[in-house]
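Thanks for coming. I will take a few minutes on one model, starting with its backbone and ending with a pocket.

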Amino acid sequence: MAQEIMQVSPLPPFMMNALQEADYIVHDHTHIKDPGALSKVTALVGTGAAKVDKKLLMMLPNVKLIAICGVGYDGVDVAAAKEKGIVVTHTPGVLTDDVADLAMGLVLSIGRRIPQADKFVRNGDWVSDTFPMTQKVSGARIGIVGMGRIGRAIAKRAAAFDMRIAYTGREPKTDVPYTFYKTATALAAEVDYLVVAVPGGDSTKNLIGGSVLQALGSKGYLINIARGSVVDQPILVQALKEKQIAGAALDVFWDEPMIDPELRRLHNVVLTPHIASATEETRRAMAALTMENLAAFYQRKPLLTPVPECCA
Ligand code: 8YV
């Protein structure tokens, strides 16, 4: 019998095809034509952008799995899911390299002003002008907020650039050789590049605010490949406008894809459209892992990658 699932965010076309080929009946939560379908749905599938709150779960009495195609699941009310006996899965590991690659790309882009230099050449400005000198990245000090899987992968890449590496997190890690600072503010004061690599959600909301940016200072850069919610965006825009920090390179924002026009107008930023995991290889690996979790659920086998809260 075909299993009925519901997509709770747009999914890439290749994943939709794979779900249909695997015989799932895929409902879309934005166009439920038959309200009777709600009780037939037993699993939800969505990307890291999916919002799954208590209200939605109340409408779906038979859902027992939420399979997120992404490492971050801050849009899912995990406590409400657990209360209803629903397990949540995500896709850790398969996207770590890509996200760390983009983080380093953003460090280089903002530090060496690569997009601005590209624009300078395209505009024909080189004919009459010299592109301003920038700061050296190799050997500079990098601070990583969050020494999880992705933070460690960023550190590994930064080490290849001879960067001096420090980090902050809930607690010091015994298995990394980098300097630990108790707070993001203390870390920011000691680095040239501050890279945010913590999960989103209530516990990290606005973690990077005025005091952190002030500590980072007028020569410091902020890089965010985590979640927009981790940075107090209006405070960041203000700090960038007033040159309280040297610049920011951001892959994630508040209210994506509606980007604050003030942020878009600034010259000391590099902005990318939440593409850290968006390579063909990685998005396919994420989709495959999501589908393996779905298959395991329906075959009553152990789930491959439940979120930590659902392992306890
Ligand atoms: C995408 C992400 O937003 O994994 C995450 O947490 O932010 C990204 O990979 C998305 O989930 C792609 O499916």
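**Backbone, core and pocket**

Asp255 counts as exposed, because its relative accessibility is 57%; exposed means over 50% relative accessible area, buried under 20%, and partly exposed in between, with a 1.4 Å probe and protein chains only. This is a predicted model, in which local features need pLDDT of at least 70 and side-chain atom pairs count only at pLDDT 80 or more, while totals for chains, interfaces and linings use all residues. Residues are numbered from 1 along each chain as its sequence is written, and side-chain values use heavy atoms, with hydrogens and water left out.

Back to the loop. Asp255 sits between β11 (247–250) and α10; helices (H or I, at least four residues) and strands (E, at least two) are DSSP runs, numbered from the N terminus. Its phi is positive, near 55 degrees. Pro257 is in the loop between β11 and α10, and the peptide bond from Glu256 to Pro257 is cis, with omega near 0 degrees. Most residues other than glycine have a negative phi, and most peptide bonds are trans.

His274 also has a positive phi, near 50 degrees. His274 lies in the loop between β12 and α11 (280–298) and is partly exposed, at 32% relative accessible area.

Now the inside. What is the size of the largest nonpolar core? It has 49 residues, and Ile142 and Ile154 have the most contacts inside it. Such a core is a set of buried Ala, Val, Leu, Ile, Met, Phe, Trp, Tyr and Cys residues joined through side-chain atoms within 4.5 Å. Helix α4 (residues 96–111) gives the largest share of this core, eight residues. Leaving aside neighbours within four places in sequence, Ile154 is in contact (heavy atoms within 4.5 Å) with residues including Ala100, Ala103 and Met104.

Of the 16 residues of α4, 12 are buried, so the helix is largely enclosed by the rest of the structure. Among them are Val99, Leu102 and Ile110. After α4 comes Arg113, with a positive phi near 55 degrees.

Last, the second largest pocket. Which residues lie nearest its centre? Gln116, Lys119, Leu266, His267 and Val269 do, out of 16 lining residues. On a 1 Å grid over the protein atoms alone, a pocket is an open set of points where a 1.4 Å probe fits, with protein on both sides within 12 Å along at least five of seven lines; lining residues have an atom within 4 Å of a point. α5 gives the most to this lining, with four residues.
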